[in-house]
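Keep the structure open while you read.

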Amino acid sequence: MPAMTNASPLALAAAFPRLELAAGATLIEEGVRTNRLYVLEQGALEVVRSGVRVVTITEPGAFVGEISALLGSAPTASVVAIEASVVRVIEDASATVQQD
């Protein structure tokens with residue numbers, strides 16, 4: 001990842017792999033730990049906790065899954081694409097963030 005600058009999260013994440021999601025696809029599953037961080041490139045995602053919608057994410061450049069990835073804990077909510085969406089995937093998020 002490039003060194004941190006005043007660039008937008010999308011610009012910083014441009015070097016990371018793209019993941020395309022169909023509407024209805026689950027990006028993050030509640031209670032299932034990963035060390036991935038995502039940056040929304042396009043589309044819309046819904047955060048759902050215990051079956052209840054918490055928030056909808058539509059802003060390109062929004063970080064998704066950052067708290068559980070950086071803390072090394074299981075996510076407390078699921079994230080589902082509510083329309084065809086594209087995210088950038090940052091593997092080993094905690095190490096990447098500490099490095100950069």
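## Salt bridges

Start with glutamate 91 and arginine 36, whose side chains meet in a salt bridge at 2.9 Å, N to O. A salt bridge here is a side-chain nitrogen of Lys or Arg within 4 Å of a carboxyl oxygen of Asp or Glu. The two partners are 55 residues apart: glutamate 91 sits in the loop between strand 8 (85-90) and helix 3 (93-99), and arginine 36 in the loop between strand 2 (26-28) and strand 3. Helices (H or I, at least four residues) and strands (E, at least two) are DSSP runs, numbered from the N terminus. Both partners are partly exposed, glutamate 91 with a relative accessible area of 44% and arginine 36 with 32%. For the cut-offs, buried means under 20% relative accessible area, exposed over 50%, and partly exposed in between (1.4 Å probe, protein chains only).

A word on the model itself: it is predicted, so local features need pLDDT of at least 70 and side-chain atom pairs count only at pLDDT 80 or more, while totals for chains, interfaces and linings use all residues. Residues are numbered from 1 along each chain as its sequence is written, and side-chain values use heavy atoms, with hydrogens and water left out.

How many salt bridges does a search of the whole structure find? The count is four. Another of them brings arginine 18 and glutamate 41 together at 3.1 Å, N to O. Arginine 18 counts as partly exposed, at 44% relative accessibility.

Glutamate 41 also makes a salt bridge with arginine 88, at 2.6 Å, N to O. Arginine 88 lies in strand 8 and glutamate 41 in strand 3, so this pair ties together parts that are 47 residues apart in sequence. Both glutamate 41 and arginine 88 are buried. Through shared partners, Arg18, Glu41 and Arg88 end up in one network of salt bridges.

## The sheet behind it

Four of them make an open sheet in the order 1-8-3-6, with antiparallel pairing. At the edges stand strand 1 and strand 6 (63-64), each with a single partner strand, so one side of each has no neighbour in the sheet. Two strands count as paired if DSSP finds at least two bridges between them.

Strand 3 pairs with strand 8 in the antiparallel sense over five bridges. Among the facing residues, leucine 37 has isoleucine 90 of strand 8 as its bridge partner, and glutamine 42 stands opposite valine 86 in strand 8. Strand 3 is also joined to strand 6 by two bridges, again running antiparallel, and here valine 39 has phenylalanine 63 as its bridge partner. Five of the six residues of strand 3 are buried, so the strand is mostly covered.

## Around glutamate 46

Is glutamate 46 buried or exposed? This residue is buried, with a relative accessible area of 18%, and its place is in strand 4 (residues 45-49). Leaving aside residues up to four places away in sequence, glutamate 46 touches Arg53, Val55, Thr56, Ser78, Val79, Val80 and Ile82. Contact means heavy atoms within 4.5 Å.

## Pocket and cavity

The largest pocket has a volume of about 310 Å³. Of its 18 lining residues, Gly65, Ile67, Ser68, Thr76 and Ala77 are the closest to the centre. Strand 4, strand 5 (52-57), strand 6 and helix 2 (66-71) are the elements that give two or more residues to this lining. On a 1 Å grid over the protein atoms alone, a pocket is an open set of points with protein on both sides within 12 Å along at least five of seven lines, a cavity is a set where a 1.4 Å probe fits but cannot get out, and lining residues have an atom within 4 Å of a point. Grid points are joined across faces, edges and corners, and a volume is the space filled by probe spheres set on the points.

The whole structure has one cavity of 30 Å³ or more, and the largest cavity has a volume of about 40 Å³. Its lining is made up of Ile28, Val32, Thr34, Arg36, Tyr38, Gly65, Ser68 and Pro75.
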